[in-house]
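Here's a quick tour of a single chain, from its overall build down to the space inside. Have a look at the model first, then read on.

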Amino acid sequence: RGTVYFTVVGIHDFNYWPVMDLSDQLRAYGLISEHATFAGPHAWPPADLLRQALEWFDVQASRNLARPRDEELAKRVRERSQAGIRQLEKEGLLADALEAWERLSLAWRGMGEVPEAEARIRALRDSPPLRKAQNARAARRRREMEGLDRLVRQWARLWRAEDNALPQSQRIAALGIRSLRRSAAKKKGTAEGDSAQRLLGHLLAQAQGRGYDALGAGRWDDA
């Protein structure tokens with residue numbers, strides 16, 4: 001009770017969709033939360049984003065009188081959030097924008113209403129392009145999860161004992177690594193390019209994990 005949440009994930013993080021799902025669940029349960037992404041892989045967020053998260057927590061702490069509210073800080077945090085959501089709308093990311101306005105409305109309830117948030121929520125919910133944007137995002141997620149499932153299955157097959165003798169070049173070809181790298185490079189900055197980067201991140205994490213396991217077991221050649 002009284003707990004608030006701030007989720008952060010890199011757009012190339014292999015945990016991108018699980019964190020996005022967590023953010024959606026927090027909002028759906030009516031819990032106070034904020035969400036942010038940054039241009040990066042599975043890594044610590046930039047220092048500036050961490051500072052913004054701490055400022056958001058600082059403002060939310062005043063909700064339960066845990067500390068006096070700094071009105072100037074509260075205004076800066078609120079306006080920064082609003083500006084970020086307006087940018088999402090400008091970029092046509094209507095599904096993301098609607099969810100962000102809903103989080104903002106909930107987070108500031110009882111601490112100073114945000115009329116713009118309520119107005120944009122009503123407008124976006126009645127907007128014909130919203131359903132198209134939601135369907136497009138769901139389709140992107142589904143394609144990526146299907147691609148990940150294929151990668152996981154292929155990875156497991158390639159590392160079975162009977163397949164251990166396969167040359168490295170054949171393993172790379174079977175996993176489609178070159179194709180993913182081409183997509184990541186040629187479609188950089190697009191949803192498809194970001195998806196390719198995340199799938200490559202999954203493979204890297206699997207390879208690192210297997211290497212660490214081999215080192216721990218003393219299998220130096222496998223590592």
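A residue counts as buried when its relative accessible area is under 20%. By that cut-off, buried residues make up 37% of the 223 residues in this chain. Keep in mind that what you're looking at is a predicted model.

As for the fold, you'll find nine helices and two strands. Starting at the N terminus, the order is β-α-β-α-α-α-α-α-α-α-α, so a helix sits between the two strands, going by how the elements are defined and numbered. Of the contacts with a separation of 6 or more, 58% join residues 24 or more positions apart.

Here are some whole-chain figures:

| Property | Value |
|---|---|
| C-alpha trace along its principal axes | about 65 × 45 × 30 Å |
| Accessible surface | about 13,700 Å² |
| Share of that surface from carbon and sulfur atoms | 53% |
| Distance between the centres of positive and negative side chains | 4 Å |

On the charge side, the chain carries 38 positive and 30 negative side chains.

Now for the inside. How many cavities of 30 Å³ or more are there? The count comes to one, and the largest cavity holds about 40 Å³ of space. Its lining consists of Leu148, Leu151, Val152, Trp155, His202, Leu203 and Gln206. Two helices, H6 (128-158) and H9 (191-216), each supply at least two of the lining residues. H6 gives the largest share, with four residues.

Technical notes. Residues numbered from 1 in each chain as written. Predicted model: local features only at pLDDT ≥ 70, side-chain atom pairs only at ≥ 80, totals over all residues. Heavy atoms only, no water. Buried < 20%, exposed > 50% of the residue type's maximum accessible area, 1.4 Å probe, protein only. Contact = heavy atoms within 4.5 Å. Areas by Shrake-Rupley, 256 points an atom, 1.4 Å probe, with all protein chains shown as cover. Lys, Arg positive; Asp, Glu negative; His and termini not counted. Charge placed at Lys NZ, Arg CZ, Asp CG, Glu CD. 1 Å grid on protein atoms, 1.4 Å probe; cavity = no way out; pocket = protein on both sides within 12 Å on 5 of 7 lines; lining within 4 Å. Points joined across faces, edges and corners; volume = space filled by probe spheres on them.
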